[in-house]
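Thanks for asking me to look this over with you. My notes follow as numbered points, so please keep the model open while you read.

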Amino acid sequence: MNALEALAEPTRRRIVELLAERERSAGEIASHFRASRPGISRHLRVLREHGLVRAREEGQRRLYSLDPVPLRELDEWLQRYREFWDNRLDALDTEIRRRRAP
């Protein structure tokens, strides 16, 4: 569940959101944050180490893209909890409707 550990940090979650849209350079990613470029590079390194992001060289630039495999694994793990909460929320909805009925 390495993806969960990496995504615990809000800046890394936002980077993943940006990369879900399209491949980007480190400078382009950094332009979306107030953090320093070295700080964003550290976040990108963590995301790469946890398998969420791939990097490729294009000339002198490094382009980053999202690797969806760890996110699928995380989604599969969360599925059992999603069902748990769906059942609880359905029961809450039923109770609210019951109390509103005349």
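1. Arg24 counts as buried because its relative accessibility is 3%, where buried means under 20% relative accessible area, exposed over 50% and partly exposed in between (1.4 Å probe, protein chains only). Arg24 also forms a salt bridge with Glu28, with the closest N and O atoms 3.0 Å apart; the term stands for a side-chain nitrogen of Lys or Arg within 4 Å of a carboxyl oxygen of Asp or Glu. Glu28 itself is partly exposed at 25%. Both residues belong to a salt-bridge network that also links Glu21 and Arg22.

2. A word on the source: this is a predicted model, in which local features need pLDDT of at least 70 and side-chain atom pairs count only at pLDDT 80 or more, while totals for chains, interfaces and linings use all residues. Residues are numbered from 1 along each chain as its sequence is written, and side-chain values use heavy atoms, leaving out hydrogens and water.

3. How many salt bridges does the whole structure hold? The search finds 12. One of them joins the side chains of Glu23 and Arg56 at 2.9 Å, N to O. That pair links distant parts of the chain, 33 residues apart: Glu23 sits in the loop between helix 2 and strand 1 (24-25), and Arg56 in strand 2 (residues 53-58). Helices (H or I, at least four residues) and strands (E, at least two) are DSSP runs, numbered from the N terminus.

4. Arg14 and Glu17 also meet in a salt bridge, at 3.3 Å, N to O.

5. Do take a look at Asp67, in the loop between strand 3 (61-66) and helix 5. Asp67 is buried, with a relative accessible area of 15%. Its side chain makes a polar contact of 3.3 Å with that of Arg54, meaning a pair of N or O atoms within 3.5 Å; within protein, one must be able to donate a hydrogen and the other to accept it, and residues adjacent in sequence count only if both atoms are side-chain atoms. A polar atom of the Asp67 side chain also lies 3.2 Å from the backbone nitrogen of Val69.

6. Finally, the overall fold. The protein chain has five helices and three strands, in the order α-α-β-α-α-β-β-α. Its C-alpha atoms fill a box of roughly 70 × 25 × 20 Å along the principal axes.
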